[in-house]
Amino acid sequence: MRFAAAVAAGLLLTTAAPAVAQPDAPAPPPPGCPDVQVLFARGTTEPPGLGAVGDAFVDDLKSRVAPKSVAVYPVNYPASPDFPTALQGVVDASTQIQNTANACPKTSMVLGGYSQGAAVMGFVTSDAIPDGVTAADVPPVMPPTVADHIAAVALLGTPSDRFMGVINQPTIKIGSMYQPKTVELCVPDDFVCSAGNDIGAHARYISDGLVNQAADFAATKVAEHPETQPTR
């Protein structure tokens, strides 16, 4: 089966003086809290860190939201061809998101992911535990109040229902509170996220300008986000 062969190959693909505050002035953030916190999950087989797509996305976003301060957290998970290990990324991302929301309530968070990392962030934002998954095996769904702290979700090359079916994994459903602030971008004919079978397309998110589009979307959402306030 041509598509099944493409999936097998694709699992190994990566891209490369004090003042008196006015009554309506926002409270300063806790020490060390940035204006914007980016949490990004890299793609399959990329080394620990943000990955090439994540690095490009963060650089583009920083230039668009300046002079706001931006902190970055690379989701800690194997990014292995053994797709079920992505659960470790779901656990880590969920934990970090909730910790940030609690410790830095005025920080606007941007969630991002590429390929398997997009699946990780998709599951993190879900309204419910996927069908066929035992609740005891996965972290609880994040409380609805956490969504208020998320300005944007940028997903690149999100595995399609077709792709997830071939590898016998649950489909990805963005939660209702996150859908209005989410952009999902797919290079045409990318076999991971579309109905096409172009393996090479999965490596063109930077060169084809989709990372720039994702950063534009996220920057716009950060500017609109009610949690975002100048801290200096």
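1. Phe40 counts as buried, at 0% relative accessibility. Buried means under 20% relative accessible area, exposed over 50%, and partly exposed in between, with a 1.4 Å probe and protein chains only. Phe57 is likewise buried, with a relative accessible area of 0%.

2. This is a predicted model: local features need pLDDT of at least 70, side-chain atom pairs count only at pLDDT 80 or more, and totals for chains, interfaces and linings use all residues. Residues are numbered from 1 along each chain as its sequence is written, and side-chain values use heavy atoms, with hydrogens and water left out.

3. Confidence first. pLDDT is the predictor's confidence in each residue, from 0 to 100. The protein averages 87, and 84% of the residues score at least 70. Take care at residues 1-10, where pLDDT stays under 50. Residues 12-29 also stay under 50.

4. The search of the whole structure finds three aromatic pairs. One of them joins Phe40 and Phe57: ring centres are 5.8 Å apart and planes stand at 35 degrees, so the pair is tilted. Rings of Phe, Tyr and Trp (its six-membered ring) pair if their centres lie within 6.5 Å; planes under 30 degrees apart count as stacked, over 60 as edge-to-face and the rest as tilted. Phe40 lies in strand S1 and Phe57 in helix H2 (residues 51-65), so the pair ties together parts 17 residues apart in sequence. Helices (H or I, at least four residues) and strands (E, at least two) are DSSP runs, numbered from the N terminus.

5. Now the sheet. Five strands form an open sheet in the order S2-S1-S3-S4-S5, with parallel pairing. Strand S2 (70-74) and S5 stand at the edges with a single partner strand each, so one side of each is left without a neighbour in the sheet. Strands S1 (residues 36-41) and S3 (residues 108-114) pair over six bridges. Two strands pair if DSSP finds at least two bridges between them. Phe40 has Gly112 as its bridge partner in S3.

6. What surrounds Ser194? Ser194 is found in the loop between strand S5 (182-185) and helix H6 (210-224). At 18% relative accessibility, Ser194 counts as buried. Its side chain reaches the backbone oxygen of Asp190 at 2.6 Å and the backbone nitrogen of Gly196 at 3.0 Å. Not counting residues up to four places away in sequence, Ser194 touches Ser160, Arg162, Cys186 and Asp189. Contact means heavy atoms within 4.5 Å.

Technical notes:
A polar contact is a pair of N or O atoms within 3.5 Å; within protein, one must be able to donate a hydrogen and the other to accept it, and residues adjacent in sequence count only if both atoms are side-chain atoms.
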